[in-house]
Amino acid sequence: MIDRKILNSLFEYTEIEKEQKATHTFIEDLPISAIDIDQSYHNAAPTLNQSLFKHSAIYISKHNRFADYPRHTHEFLEINYMVTGSCKQIVNGEVVTLNTGDILLMDIGCPHSIHELSEDDILINLLFRDKDISFDFLGSMHSENSSVFEFFLNVSLKNENKRKYFIFPHNRDITKTMDQIIDEYYLQRPYAYPIINSYLKILLSKIMRYYPLPTNQIKDYRQKIILNIIEDISKNYIDITLPDLAKKYGYSENYLSSLIKEVTGKNFVQLRTQHRLKEARYLLKSTDFPISEISQLVGINNKNSFYKKFKEEYGCLPSEVRDSSKRKNDLQSSLKGLI
């Protein structure tokens, strides 16, 4: 829950809200310096620039009530958080309704307009300063650790109608972190900005945890079969075999092998090895298990083969991933000691 003092202050009228309540006519709440003229012309909609970000990696604001907000877009990833009440928006040409606790995540350049909010409707806007944080970024990060998501990503890249927004309906895990960020942002207690930046990493991790798979991209029945097979491999990558899959799906081994190669560009063994290596890299970064033990844990029993395959997949040795991860953790610990 958001701190009660902050929540009460969000219900108080801003000067713009007082005017909008009287006329129900939109009043611009941003300085002209916050509008990127060139991008606005290119996007055919007002586009915000980086001047909003002064001291933090994010910009947070309450959406002013009592008037429709016209169509606009941003050069940044945007989150709309429905704290209380509900609202209707037109997002990328589609009608979207948010209810209490819902979170709307919009990609860079996603146009949207917001219908008039009433007295009990509190909507919080959060913008990320870093332009590299986008749906493509989230998808690529997700695919690094998920063979299933990587498959979806590869399919979606072939489809021009990529999603520009996602809704997380009343996800308590995400809203908990959102509430913590809002508290720090408005209360401005000591060390607020380092804490906000730390919470942002948690927020992005949680968004990736719940980042929806673009299932609407899967049209071909062969792709659906391969998706199921990749899921099977991800769940049982240590000892799953091609005969196991052929028996499960009622195909001959030769047909299934050809189908896997045709759809993914890799054979069964390559897919299984790829997932084993993803798991190995995750363990290298997140645990202190010896490299030889990690090799065994992911199902690659020959140490020399493990090193060779890892080098081929990632262009570096397992020890280099472990050392890089350790240096990063040591640096973070040192920085914490300076705060």
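Predicted model: local features only at pLDDT ≥ 70, side-chain atom pairs only at ≥ 80, totals over all residues.
1. Residues are numbered from 1 along each chain as its sequence is written, and side-chain values use heavy atoms, with hydrogens and water left out.

2. For the protein as a whole, the secondary structure comes to 14 helices and 10 strands. Of its 339 residues, 46% count as buried, where buried means under 20% relative accessible area, exposed means over 50%, and partly exposed means in between, with a 1.4 Å probe and protein chains only. The accessible surface comes to about 18000 Å², and 51% of that surface belongs to carbon and sulfur atoms; accessible areas come from the Shrake-Rupley method with a 1.4 Å probe, and for residues only the protein chains shown count as cover.

3. A contact means heavy atoms within 4.5 Å. Among contacts between residues at least 6 apart in sequence, 73% join residues at least 24 apart.

4. Helix α8 (residues 221-235) and helix α10 (residues 253-264) have axes that come within 10 Å and cross at roughly 100 degrees. Axes here are lines fitted to C-alpha atoms, for helices over the stretch in contact, and angles run from 0 to 180 degrees between N-to-C directions. Angles under 35 degrees count as roughly parallel, over 145 as roughly antiparallel, 65 to 115 as roughly perpendicular and the rest as oblique, and α8 and α10 are therefore roughly perpendicular to each other.

5. Which residues make up the meeting of α8 with α10? From α8 come Y221, R222, Q223, I225, I226 and I229, and they meet Y255, L256, L259, I260, E262, V263 and T264 in α10. By class, the residues of this contact of α8 with α10 are nine nonpolar, two polar and two charged, where Ala, Val, Leu, Ile, Met, Phe, Trp, Tyr, Cys and Pro count as nonpolar, Asp, Glu, Lys and Arg as charged, and the others, Gly among them, as polar.

6. The axes of α8 and helix α9 (residues 242-249) come within 12 Å and cross at roughly 135 degrees, and α8 and α9 are therefore oblique to each other. On the α8 side N228, I229 and D232 take part, meeting L245, K248 and Y249 in α9. The contact of α8 with α9 holds three nonpolar, one polar and two charged residues.

7. In the loop between α8 and α9 is D239. Leaving aside neighbours within four places in sequence, D239 is in contact with D244 and R276. D239 and V298 are 59 residues apart along the chain, and their C-alpha atoms are separated by 9.4 Å.

8. L297 lies in helix α12 (residues 291-297) and counts as partly exposed at 36% relative accessibility. With neighbours within four places in sequence left aside, L297 is in contact with Y237, I238, L283 and F289. L297 and R276, which are 21 residues apart in sequence, have a C-alpha to C-alpha separation of 9.0 Å.

9. The loop between α6 (172-187) and α7 (192-210) holds Q188, and Y191 is found in the loop between α6 and α7 as well. Q188 has a positive phi of about 50 degrees although it is not a glycine, and phi of Y191, also a residue other than glycine, is positive at near 65 degrees. Q188 is partly exposed, with a relative accessible area of 39%, whereas Y191 counts as exposed at 54% relative accessibility.

10. Where does Q20 lie? Q20 lies in helix α2 (residues 15-23), where Q20 is buried with a relative accessible area of 1%. Not counting residues up to four places away in sequence, Q20 touches T25, F26, I27, N64, R65, F66 and A67.

Technical notes. Helix = DSSP H or I, 4+ residues; strand = E, 2+ residues; numbered from the N terminus.
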